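Me: I'd like to learn how to read the fold of this chain, one feature at a time. Could you walk me through it?

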Amino acid sequence: MRFASLVVAAAAVLSPLTFAQATNYSDKPPILLGAAWYPEQWPESQWDADLSLMEAAHIHVVRVGEFAWSTMEPTEGQYNFDWLERAIDLAAKHHICVVLGTPTAAPPAWLTEKYPETLRVDENGRRDEHGNRQQFSFADEKYRELAHDIAERMAERFGHNPNVVGWQLDNEYANPSFDPEAKAQFHAWLKKKYGAIANLNYHWATAYWSQTYNDFDQIPVREDEENPALLLDWKRFVTDTWVSYSENQISAIRPHADPRQFITTNTMGWFDGFDEYTLHKVLDIAAWDDYVGSFNSGNDYDYIENGARHDLTRGYKRKNFWVMETEPAFVNWHRINAPLNKGQVRDMAWQAIGHGADTVEYWQWRANRNGQEQYHGVLVGIDGRPAPVYAEIQQVGEEFNKTGAALEGTSPHSYAAVIQSYDSRWAIEFQRHTVRYDPVTELLAFYKPLREQAQAVDIVSPDAPLDGYKVVVAPELNVLPQAMADHLIAYVKQGGHLVLGPRTGMKDEYNALNPQRQPGPLVNLLGGSVTQFYALDGKVPVSGAEGAGTADIWAETLEATNPETKVLMRYGASNGWLDGQPAVLERAVGKGTITYVGAWLDPELMSKFTATWLKRAGVGPVVANVPDGVEVCERTGDGKTALILINHNTTPETVKLPGEMKDLLNGGQASSVNLEKYGVAVLER
Ligand code: GLA
Ligand code: GLA
């Protein structure tokens, strides 16, 4: 056990004054509560009051600086970091460490005025203006030079500051730019990939609609309404450009920073603007911004969906991560910004920890005096006094302190994995074929019953190592190149249980149709294939081994071509094409199996199938007989096992534990726990 754990254990009982010196990397608690703090927006005379309130809420980390370029460099070449150093020092006095954001998501007015070429251009050729934020071109050389400069000066100043624990690059990478420089870079990227234009013409099949190119420069740059091969390569180019955008800043920070300072950026869950797996190769840890609900209303917290986004983020680096931002009950950008109910902010904080977060930071600490986000949820109001949600977050902070030692060095471990692929999501998005086919919803149709029954699921990239998994589900590997198929074939041959969803194996890496029918390079292993796909405009009956139910949205008719391949389900009478045709195929391969599910099945049927897959693979729940709506999360490691139970229901529930456990929140031993509405228990085995 590191010295840090002892300090944390002590911190729970001692007053802050007993700390001899300021917080730094080696004595920060293992599980951190934090907030986004914008000292540049406030007179310095108010900082101490803010930090005192943070300290009283057990906040131990603030993220600072990510939009403060105009304060750091008010005019070109005139730097002012003294205020930032004073803010960091004062935070340290309150036992609060700092993540520094590079301010490049918000270039100052002098910059965009003097270098208008750094402004982003949208797909229709319109150049952004100053104001708002994210108005820069991610590909522009001048912008990169300026971004490098500000990041390097920050790193020179704070790279060895003991109270700075890490760096956030920019903020929520999002929009690509279609400026002439970006276009030229895309052409160069294509040239490097394909070498000769004839090679590109072949893979893109450009004889179609006379698209044949004589030269790379002729290739248009679009995000939709184009050849699917072009669209897929554009997404990959965008990914590589965000990678080099990151590397530009990393090369400015790394040489001046202590190795203990991590470098990350804050991502956005299902956002698919680029490939997060590729980006995270150059980052030290993953971090994300967890906001609830659709864009419609802010209080539709679907805890399984939210848990899936945590699992997704954990999968970027296959290790614990940070929640860099989350909401203090509500945001300002939904159609209806309804709040989470009282108690759900704490529920969400513990869910994050349960899924492998080591930090939960709220956006934002204090209401802005002016600006686009005046209505957003905060911990502290404009007058500097706590908002009603402050007390709930303070309780979370107290609980993090109590449980930190037990959670330190632990993380979730799973026997079931869901494969998520950006190439495949993009390929489906370019040509959904039915508006109802949302690739994320489809992935969740497979994920949800797995999560409910196994109580632990990893979401990983297609090239992640699979040996540790007893069940691997690939809900929609639409783009399935041979090498990826080989990886899956090896998994099954080693005794793994592989489940494939609809649309699998249709495309090669160029988004061209695979020469075999679906599932392309897995046809031989399955001993069967898809004879035809159909978009559905209503429910279709299916029945077989798992009982009877329905398919909706999508249905493929299958054909078994190997005598070893079994038909597990068939469609009932519907449009004639589907009637009596196989819907699910399965083949045993040694000790392993490959199952192809050709339809989007109803939740009950999915649940029954999931139970079969898990039973066959010998994967049981962490805690059996848990009431619906109570989530079980287990973190293990460092010789410790911690259980986090969360009652997402509005009624009290009782959970019988697998044995006597230490109740870390209430003290004492427990063999069962009573959870009130939105109640949480943290237990140690
Ligand atoms: C039109 C066009 C064809 C083809 C079909 C597809 O008829 O002329 O080239 O695109 O639509 O339905
Ligand atoms: C995003 C941004 C923050 C803030 C919040 C508001 O996560 O990163 O700067 O705008 O949204 O919800």
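Reply: Let's begin with the secondary structure: the chain has 18 helices and 25 strands. Helices (H or I, at least four residues) and strands (E, at least two) are DSSP runs, numbered from the N terminus. This is a predicted model, in which local features need pLDDT of at least 70, side-chain atom pairs count only at pLDDT 80 or more, and totals for chains, interfaces and linings use all residues. Residues are numbered from 1 along each chain as its sequence is written, chains are lettered from A and ligands numbered from 1 in the order in which they are written, and side-chain values use heavy atoms, with hydrogens and water left out.

Me: How does the radius of gyration of the chain relate to that of a compact globule?

Reply: The radius is taken over C-alpha atoms, and the globule rule is 2.2 Å times the number of residues to the power 0.38. For 685 residues the rule gives a value near 26 Å, and the chain has 26 Å, so the two agree. The C-alpha trace spans about 75 × 70 × 45 Å along its principal axes.

Me: What share of the residues counts as buried?

Reply: Buried means under 20% relative accessible area, exposed over 50%, and partly exposed in between (1.4 Å probe, protein chains only). Here 61% of the 685 residues count as buried. As for contacts (heavy atoms within 4.5 Å), take those between residues at least 6 apart in sequence: 72% of them join residues at least 24 apart.

Me: Which residues of helix α2 are buried, and where do they lie around the axis?

Reply: In α2 (residues 47–56), the buried ones are W47, D50, L51, M54 and E55. They sit on the same side of α2, because they cover an arc of only 135° around the axis; the arc is that of the directions from the helix axis to the C-beta atoms. Their packing partners are β2 (61–64) and α4 (82–93). After α2 comes H58, with a positive phi near 65°.

Me: And what about α8?

Reply: Helix α8 (residues 197–204) has I197, L200, N201, H203 and W204 buried, and their cover includes α7 (180–194) and α9 (228–253).

Me: How should I read the two faces of a strand?

Reply: Side chains in a regular strand alternate between the two faces of the sheet. In β3 (residues 97–101), both faces are covered: C97, V99 and G101 are buried on one side, V98 and L100 on the other.

Me: Which strands does β3 pair with?

Reply: Two strands pair if DSSP finds at least two bridges between them. Four bridges join β3 to β2 in parallel, with V64 partnered by L100. Strand β4 (residues 164–168) also runs parallel to β3, over four bridges, and there V99 stands opposite G166.

Me: What is the strand order in the open sheet of five strands?

Reply: The order is β21-β22-β25-β23-β24, with antiparallel pairing. At the edges, β21 (630–637) and β24 (669–675) each pair on one side only. The twist averages 20° from one strand to the next; axes are lines fitted to C-alpha atoms, for helices over the stretch in contact, and angles run from 0 to 180 degrees between N-to-C directions. Helix α12 (residues 344–354) packs on this sheet and touches β21, β22 (640–647) and β25, its direction making about 150° with that of β22. Within the sheet, two bridges join β23 (residues 653–663) to β25 (residues 680–684), and D663 has L683 as its bridge partner.
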